Amino acid sequence: RIMAVRAIGHQCWRAGSYEEAISSLTEVVEHDRAEEASTRLPRDLVNLGRVLRELGRWDEALAIGHEALAMANDLGDPLDQIYANNYFGHLYRAMGRPEDALAAFERARIGSTEINLPVRLTFNLLAIAALQMDLGRIEESWETYEEAVETARRTGRADSLAAGLSFYGDALMAVGQPEAAIPRYEEAATILRPLGVDQALARAMGNLATAREQAGHASAADSWAETRLLREHLGDQQGVLEAVEHEARLRTSDPDRLSALHDVALTLATDLGDVEAEARIRNSLAITAWKRGELDEAAREYATAAARLRLTEERPGLGAVLNGRGAVLTHLGRYDEAQAVLDEAREINEAAGDLERGADSFAALGALAREQNDVTRAFDLYQSCLEHRRLSGDRVGEGWALHRLAEIATLAGAPDRAATFSATARAIARETRHSPLERACAKLASPDDASSST
């Protein structure tokens with residue numbers, strides 16, 4: 001019977017039902033204590049302690065760990081000592097004590113080496129590498145990750161090697177090195193693929209797709225398509241939706257494929273009741289319609305997206321959608337509506353402290369004022385946009401704001417001022433190698449095109 005109770009405790013823990021897990025695992029520990037000859041007590045204590053750790057009950061978790069380690073030492077069982085030290089490593093890390101955690105994992109590493117447990121050694125090395133990364137010991141961390149992967153490779157265990165490679169890839173992604181992460185994820189996926197479709201393979205492919213997308217690889221869209229198929233096989237609808245959304249962002253040059261992906265994504269979001277996802281997709285549909293010149297359709301999709309987001313707490317997302325809708329309404333000549341929408345967008349973005357979207361609001365309001373021939377107001381709004389771009393560190397956006405100010409100065413009959421703005425914008429275009437901005441600056445400099453209103 002006690003084996004069944006132990007199994008229930010593990011199931012509850014994995015399911016996140018921590019109170020139920022504590023009840024079952026406490027019963028197991030009490031049974032072990034009653035059986036004085038029980039050798040299971042150290043590991044059962046560790047299992048109970050892990051649940052207490054999840055609940056942040058630090059004092060109890062520490063006491064459990066000390067009892068488990070003391071018993072492992074009394075029994076002279078090196079495997080239980082490794083388990084106990086590994087437990088302390090995870091506990092101290094969760095408590096924000098990285099140096100103590102590192103020392104505990106190091107003890108577990110030494111123990112794993114001494115009794116030749118390469119799989120255990122692999123996971124302790126991975127934990128050490130992650131902590132070294134947390135502590136800023138970057139080069140040391142890379143060396144430890146390499147050691148962990150090579151240790152896993154020697155075990156001949158495909159699952160351990162794939163896990164090591166995936167964790168290494170995750171660490172590289174965390175420091176903005178997707179190119180370096182790609183070969184790790186590729187190898188992990190190659191190792192897992194012959195084992196059949198499971199969560200580990202789907203995660204590896206999703207990680208690979210993300211890395212390729214961030215690195216700007218053309219193969220990223222196909223990677224997301226494969227990830228989608230894996231998630232469909234597993235019946236993971238939320239995972240399918242994520243993959244379809246990513247693939248859609250990368251298929252903009254294929255209108256038919258893009259439309260089909262949007263249809264699939266919208267159906268999934270509706271079936272899942274995922275309001276935020278539906279709003280994101282409708283926002284994408286609005287942008288696509290705008291690019292096709294279908295402004296009325298774009299305005300409708302933006303309005304629906306905004307309506308969905310009003311049902312949630314996703315205020316920054318609402319600010320972005322309203323920016324788009326206001327810009328489209330401006331193009332449609334519906335100026336009063338555009339003003340109201342963009343004023344709300346600006347208020348939302350400013351309240352959220354979102355400099356980038358706030359800058360977008362001021363840019364859209366500037367364009368609206370310009371369409372209404374209010375040059376003075378347009379100039380002030382683009383100045384606010386420029387300040388936001390500078391504060392957010394957006395150099396390309398700063399260049400475009402300066403270009404708009406140059407256009408307004410030209411319209412206002414201030415050529416010297418326009419030339420100063422334009423020269424600074426062109427310098428930024430060259431610095432950032434942003435050719436669309438450089439072309440716009442060159443076009444403005446042409447006497448035949450002083451009235452550009454893009």
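Tutor: In this predicted model, the buried residues of α20 are Ala378, Phe379, Leu381, Tyr382, Cys385, Leu386, His388 and Arg389. They pack against α18 (335–351), α19, α21 (395–411) and α22. The helix α20 itself has 18 residues, and from its first C-alpha to its last it reaches 26 Å, close to the 26 Å expected at 1.5 Å a residue.

Just after α20 comes glycine 393, with a positive phi of about 80 degrees. Most residues other than glycine have a negative phi. Asparagine 373 is not a glycine, yet its phi is positive, at about 65 degrees. Its relative accessibility is 66%, so asparagine 373 counts as exposed.

Arginine 433 has a positive phi of about 60 degrees although it is not a glycine. With a relative accessibility of 77%, arginine 433 counts as exposed.

Next, the aromatic rings. A pair of rings is described by the distance of the centres and the angle of the planes. The structure holds 6 aromatic pairs. One of them joins phenylalanine 88 and tyrosine 92, and it is stacked, with 5.5 Å centre to centre and 25 degrees between the planes. Both residues lie in helix α5 (residues 78–94), 4 residues apart, which is about one turn of the helix. Phenylalanine 88 and tyrosine 92 are both buried.

Another pair is made by tryptophan 142 and tyrosine 168: the ring centres are 6.0 Å apart and the planes are at 35 degrees, so this pair is tilted. Tryptophan 142 lies in helix α8 (residues 138–155) and tyrosine 168 in helix α9 (residues 158–174), so the pair ties together parts that are 26 residues apart in sequence. Tryptophan 142 is buried, and tyrosine 168 is buried too. Tyrosine 168 also has arginine 184 lying over its face, at 4.5 Å from the ring centre.

To return to phenylalanine 88 and tyrosine 92, ring pairs link these two with Tyr87 into a cluster.

Definitions and conventions
Residues numbered from 1 in each chain as written. Predicted model: local features only at pLDDT ≥ 70, side-chain atom pairs only at ≥ 80, totals over all residues. Heavy atoms only, no water. Phe/Tyr/Trp six-rings, centres within 6.5 Å; stacked < 30°, edge-to-face > 60°. Helix = DSSP H or I, 4+ residues; strand = E, 2+ residues; numbered from the N terminus. Buried < 20%, exposed > 50% of the residue type's maximum accessible area, 1.4 Å probe, protein only. Lys NZ or Arg CZ within 6 Å of the ring centre and 35° of its normal. Expected span 1.5 Å × (residues − 1). Contact = heavy atoms within 4.5 Å.
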